[in-house]
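The following explanation leads the reader through a structure, beginning with a single chain and ending where two chains meet. The sequence and the structure are shown first.

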Amino acid sequence: MAQMKFLCDAERCIECNGCVTACKNANETDWGIQRRRVVTLDDGKPSEVSISVACMHCDDAPCMAVCPTDCFYKTDDGIVLHDKDICIGCGYCLYACPFGAPQFPKEEAFGERGKMDKCTFCAGGPAETKEEEYEKYGANRIAEGKLPLCAEMCSTKALLAGDAQTISDIFRQRVVYRGHEDGGWSSVEKAQMSGPDVSANLDEMAYDATRATREG
Amino acid sequence: MHTLMQCLWRLRMIGAVLLLAVLAASLAPPTSAAEPDEEIGQAVGTVDADTWRQVKSGENFIDSRHDSTYNLINPSGETWRQIRNEWVSPAGLIAIGGMLTVLVIFYLVVGRNDLDHERTGRKILRWTAFERSLHWTVATLFIALSLTGLNLLYGKFVFRHVFGDVFWANMIMGSKLIHNYAGPVFGILLIVILAKWLKVNLPKKHDWEWFKQGGGMVGDKHPDAGFANAGEKVWFWLLASVGMLVVVSGFVLDFPIFGQTRDNMQWANMFHGVTSLILMTVALGHIYIGTLGTEGALEGMATGYVDETWAKQHHNLWYEEVKDNAGQPQQSDPPVGDDTATAHRPN
């Protein structure tokens, strides 16, 4: 069985927010609900880095562990989904989630939370009919054999979605190609980012695994 | 005429050409080569260990989501989860289960605290109608909040499997609604009841002696007690301290519209769980003593009047004061319209 995961290549993300828009469009989420977000570190500085993040469909999901209603479940593909018929909008999943994925429509009195909404990996949710499913959870692209729209629409292919093995293979190829010495956790040599050959180096850094050879 | 038109046409052509030239000049690429520093500035930065350190520091980040202060990774939730699931939840079960066990054993071994002498039939007003309605309203709310709160903490392990999804969905939704709406009412009434009974619950010297004799729960001893004995005072001050913490933390959780952060609510939830479980545990003792544990205690809070014998046995100092004030104990027929009467409580 596949283990579905998202992976965002921070060296490729250009903070275009295309994923956010694609998600909103594919799932037609409620007003104020934005299932995916882009976090930018050091905005406006040379060291600026952006990463797109949504529900990460954790193996040991904190939301599942703390939910008082037990409305979460994991599909065979490792996707964390929840049943809005059982959700009471208590907010505990929001307290527990490291990624700020759960969101609540604030439409009730005294700020009482509505039914929780979060990324479904475009896998819909439990419902009687397709229409009901779309209304409650948004698109079920997985049932149609498609991947989440955010990753499909990513212009720089920074955001990858799919089986953990497959996407980590792609990322590993990129990392090796860029010259990381210890698997993406350290930067490539700083020397590449300065000096007269910088233009060439920048171009080289933009290479990805889809290019056959370094010589191009 | 013809030549004039031609002249104008030519002027217009010259103007157009000039405009194009200016436009072309402004759109042309700069003559100097691209500055390396400038390009680096526009490039996506490298991602290294410092980047992840910065995520951890929680500084210098922006989130594309409106009004959001969420960092990329917020590990405090995992801490909250561990505390709630690994400590608070089992500790609450142990505390409540332990207290129930102790009470059952105590009842079986020691039994009810009976009156030592025959009832005289003379009744003394102990609780006015206002106090009784306040007590029973707060008690009802307390029980409702306890049951719904326990359902929120433990219900999923039992009822969903027993009753199925649809019943469970309604049950847990009802629990949340009752909890969220009864909570503020309880909070306000708790403050009223604390203010009302503050005076009789101020600690006195004889309370220490009461503790040393274990409140006379076992054996025939009856240590001195005023209107409220030392045990009741402990319950009062527990409600005034821990109870108020329950109320305050509950308010933080109930109305997420005052800009409280996720971290605030994690703390509030933890406090709310720990303090309310303490209250529930002690409340079991209070309920036991007030019903099964003591002969004649419940009738005091039910009718407002206690028997002279009961007053003498459990609250001797209060009894003496009442007797002195009234000259003699009141007549056996309870006066009608006791809501205007004032209970005697000099202690």
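The model is predicted. Within it, chain A comprises 7 helices and 6 strands. Followed along the sequence, these elements are arranged in the pattern β-α-β-β-α-β-β-α-α-α-β-α-α. Chain A has 216 residues, of which 43% are classed as buried. Its contacts may also be described by separation in sequence: of those in chain A between residues at least 6 apart, 54% link residues at least 24 apart.

From chain A the description passes to the interface. Here 49 residues of chain A are in contact with 52 residues of chain B. On the side of chain B that touches chain A, two or more residues are supplied by each of the helices α2 (36-42), α3 (49-57), α4 (76-109), α5 (129-154), α7 (165-196) and α10 (262-290), and by the strand β1 (61-63), of chain B. The element that gives the most to this side is α7(B), with 7 residues. Sorted by class, the side of chain B that touches chain A consists of 25 nonpolar, 15 polar and 12 charged residues.

Which strand of chain A is joined by bridges to β1(B)? It is β2 of chain A, residues 37-41, connected to β1(B) by 3 bridges. The two strands run antiparallel. One residue pair can be located within this arrangement: Val39(A) has Asp63(B), in β1(B), as its bridge partner.

How values were computed: Residues are numbered from 1 along each chain as its sequence is written. Chains are lettered from A and ligands numbered from 1 in the order in which they are written. This is a predicted model: local features need pLDDT of at least 70, side-chain atom pairs count only at pLDDT 80 or more; totals for chains, interfaces and linings use all residues. Two residues are in contact if their C-beta atoms, placed from the backbone, lie within 7 Å. Helices (H or I, at least four residues) and strands (E, at least two) are DSSP runs, numbered from the N terminus. Ala, Val, Leu, Ile, Met, Phe, Trp, Tyr, Cys and Pro count as nonpolar, Asp, Glu, Lys and Arg as charged, and the others, Gly among them, as polar. Two strands pair if DSSP finds at least two bridges between them. A residue is buried if 20 or more other C-beta atoms lie within 10 Å of its own, exposed if 12 or fewer, and partly exposed in between; C-beta atoms are placed from the backbone.
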